[in-house]
Amino acid sequence: MQRIYLNDNWYFTKNYTEDLLNPEADLSELEKVRIPHNVCELPYSNFDEMSLQQLCGYRRSLIVEDAWRSGHLLLTFEGAAHEAVVYVNGHQAVKHYGGYTAFSVDILPFLAEGSEQIITVRLDSRESLNQPPFGSVTESLTYGGIYRDVTLLKSDRCRIKEDSVQLTTLEADQEMAVLMLRGQITNQHAQNMNIRVSYEITDKEGNCVAKASFRQFVKEQSDVSFQRRAAVELPYLWSSETPDLYQCSVSLYEMLPEGEVLLDTQETAFGIRTIVADTKRGFRVNGKTVKLRGACIHHDSGLLGSATYETAQYRQIAKLKQAGFNAIRMAHHPIGEALLRACDHLGMYVMEETFDMWQSCKSDFDYGMFFEDQWRNDVALMVQKDYNHPSVVMYSVGNEIPEFGTDAGAGFCAEISDYIRSMDDTRLLTCGINGIFITGDHLDEIVTEILKDSDIKPSGTVNDYLTVMDNYMPELVAHPVVDENIDKICALLDVAGYNYMTSRYEADAVNYPDRVMVGSETYPPQIAKNWEIIKRTDSVIGDFTWTGWDYMGESGIGLPAYHFGEGGFSAQFPATLDYVGDIDITGFRRPMSYYRELVFEQTKTPYIAVQNPQHYGEKPMLTPWILGDLTASWTWPECEDKPVIVEVYSAGDEVELICNGVLLGRQPAGEANQYRAYFETTYQPGTLLAVSYEKGAEIGRRELKTVTGDTVLQVCVEDMKDYVPEQTTEKGILQYIFLSI
């Protein structure tokens, strides 16, 4: 099987008409683009203009050699959003609704005479304007277009069915691993065929560790499956700490009197590892207990938009891992192949997610319109894609689904769960349960009961509720109705995913001794409190913060404000980002990231963050996602001799703060004080030094210095070789250029 990339030489229009299907159409006025491509390229066009846009189109020619017509040609789109209709020579070849799942079409029946064929793609961008999170226009601009690779798979008509080769670890330890190799042969020829199937498994050094061959008879115009066990001695076991991969090559040979003829070869990377979870030993990888240090992320690449560049994916995973994370949760849809490859190679556990909605739409034109007819197809495509990726350890059947709070929803959860298990019973199943959605039709009466002695009147979106009800959420999520509905959903899953319900951990560990839990979505500032419970509670296997990396949408949710409209959910333009990511949209770490790294016990180096001295004495308006109005800077030219509060994050039981050689004080820190110490002083330019101590011995130090001299603009090219393995460079390396002042 030969894979040909078709990313070049596309023409794009924001205003699709049927004229684009005409072979003689004038393309001179169209934009020539390269895939991956955003519907809306930077700099972003007018938002109102985008919101009115509906249909856009792509077109390119494809040269098909005469010899190819006797074989099999499969055109594959890894991601096209949304409601993609693919035409070959003006004939509709396939229609696909799921913008986050790959799809393919056999183009042979649609080929015209001659070598040049015309491929046209129509997309409906109305769906793009309503994607999670919550249909924000700025988020929609990072979703839309043919934003992942387009390829042509060329093979014989007797071939290994695309992506059918699956390798399952039946058992594994340091001495031996037993694997199950499965696959499917498709014979589209008009005659029976005698086939020899051979396979070879090689390790990370290229050494052959297992190989065999066997004969298979395949009837004309039929499919046949095969499976074989393989034993690997002294295996390299894949984990976050040891992300060692194997390669499996499967080949088909036709057995003829005059000899063998090679028909097809398919190669796949995979990892050898076992996973299991229980309430006594938690989540275990290869028999070792692991706590998931997780980050919720989105599919986009920040300012690059939705276009999926291999290098950007590796860079993001590398930076998240450097910041102390060992797991990601894709919010809230199936993940792309490029990001999965990065997680496999770099060692990052993945919670894969199916949907952000089921039948109940969360916004106009969203996936709920098509869910009933399309969910099985998209789930099957997701599982098929994920099967050989060792990084994928959990499937989430949905995020904050309103139906979770109904009996019908519990039944549907069972249907989705059973369907996934029928295709892959090697991963854990979970979901993201929100305490507000899980109330079902009882939300108003529960809130009224809780707030009977209060003047608070919550309304609006789920985020508005979470913000207003922040102090009352433990009481809300402990309500008997919530308890009953959670029990119905969790009975169908392997792991109960709690969105903003960390207050349930300790009680549920006692009341439900067989329930494994994970913080599928949590407030960043609560990590110290949450992690202390997670460490001592075997049945809680980890935490996924909202979010690990900034995204475009829910604008201003992470901006501290001192006046209405500056931040939070009242933020106005030019706030277009969420600002809650541990890592900002360009890849630079915020104070929250360094705080979390200390809580995760991934470093002992303290960190210094300065509360904005320009607002000393004022209380900022903060949503529950904000740690504070903090900057890692000791350069405040207008604040000399004015009061300032300095926060120091420290793993040690004590920490000192020194300014220009003068000791400002020594404060308790460490886990007992949620790793956070406060010093009030006056701002003096110079050097601020923090020194951490554990039982009197220094364990780390960090300093901030006042910036002096002229402002200089520097342009730096980041070396992508630090992130991207050599095997991914055949499509070229995207270089990142950062501006720093």
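A residue counts as buried when its relative accessible area is under 20%. Take Ile 541: its relative accessibility is 0%, so it is buried. Keep that cut-off in mind as you look around this chain, which is a predicted model. Let's start with the overall picture and then zoom in.

**The whole chain**
- The chain holds 13 helices and 41 strands.
- A compact globule of 741 residues would have a radius of gyration near 27 Å, and the chain has 27 Å, so the two agree.
- If you follow the C-alpha trace along its principal axes, it spans about 90 × 65 × 60 Å.
- Of the 741 residues, 58% count as buried.
- The chain still exposes about 30,600 Å², and carbon and sulfur atoms supply 47% of that area.
- Looking at contacts with a separation of 6 or more, 71% are between residues 24 or more positions apart.

**Back to Ile 541**
- This buried residue is found in strand β31.
- Leaving aside residues up to four places away in sequence, Ile 541 touches Gly 282, Phe 283, Val 290 and Met 394, among others.
- Its contacts also include Val 495, Val 516, Met 517 and Val 518.
- Arg 341 is 200 residues away from Ile 541 along the chain, and their C-alpha atoms are separated by 24 Å.

**Helix α13 and its cover**
- Helix α13 covers residues 591–599, and eight of its nine residues are buried.
- Among the buried ones are Pro 591, Met 592, Tyr 595 and Leu 598, but also Arg 596 and Glu 597.
- What covers them includes the helices α3 (310–322) and α12 (527–536).
- After α13 comes Glu 601, which has a positive phi, near 60 degrees.

- In general, the strands of a sheet pair through backbone hydrogen bonds, and the pairing can be parallel or antiparallel.
- Here, three strands in the order β21-β22-β23 make an open sheet with antiparallel pairing.
- The edges are β21 (275–278) and β23 (288–289), each of which pairs on one side only.
- Four bridges link β21 to β22 (residues 282–285) in the antiparallel sense.
- For Ala 277, the bridge partner in β22 is Phe 283, and Phe 283 is also one of the residues that Ile 541 touches.

**Aromatic rings**
- To describe a pair of aromatic rings, you give the distance of the centres and the angle of the planes.
- Searching the whole structure turns up 30 aromatic pairs.
- Phe 77 sits in strand β5 (residues 72–77) and Phe 103 in strand β9 (residues 103–106), so their pair ties together parts that are 26 residues apart in sequence.
- Both Phe 77 and Phe 103 are buried.
- Trp 546 and Tyr 551 have ring centres 5.7 Å apart and planes at 70 degrees, so this pair is edge-to-face.
- Trp 546 and Tyr 551 are both buried as well.
- One aromatic cluster includes Phe 355, Trp 358, Trp 375 and Tyr 419.

**Charges over rings**
- Tyr 419, from that cluster, has the charged end of Arg 376 sitting over its ring, 4.7 Å from the ring's centre.
- Elsewhere, the charged end of Arg 666 sits over the ring of Tyr 693, 4.0 Å from its centre.

Technical notes: Residues numbered from 1 in each chain as written. Predicted model: local features only at pLDDT ≥ 70, side-chain atom pairs only at ≥ 80, totals over all residues. Heavy atoms only, no water. Pairing = 2+ DSSP bridges. Helix = DSSP H or I, 4+ residues; strand = E, 2+ residues; numbered from the N terminus. Phe/Tyr/Trp six-rings, centres within 6.5 Å; stacked < 30°, edge-to-face > 60°. Buried < 20%, exposed > 50% of the residue type's maximum accessible area, 1.4 Å probe, protein only. Lys NZ or Arg CZ within 6 Å of the ring centre and 35° of its normal. Rg over C-alpha atoms; globule rule 2.2 N^0.38 Å. Contact = heavy atoms within 4.5 Å. Areas by Shrake-Rupley, 256 points an atom, 1.4 Å probe, with all protein chains shown as cover.
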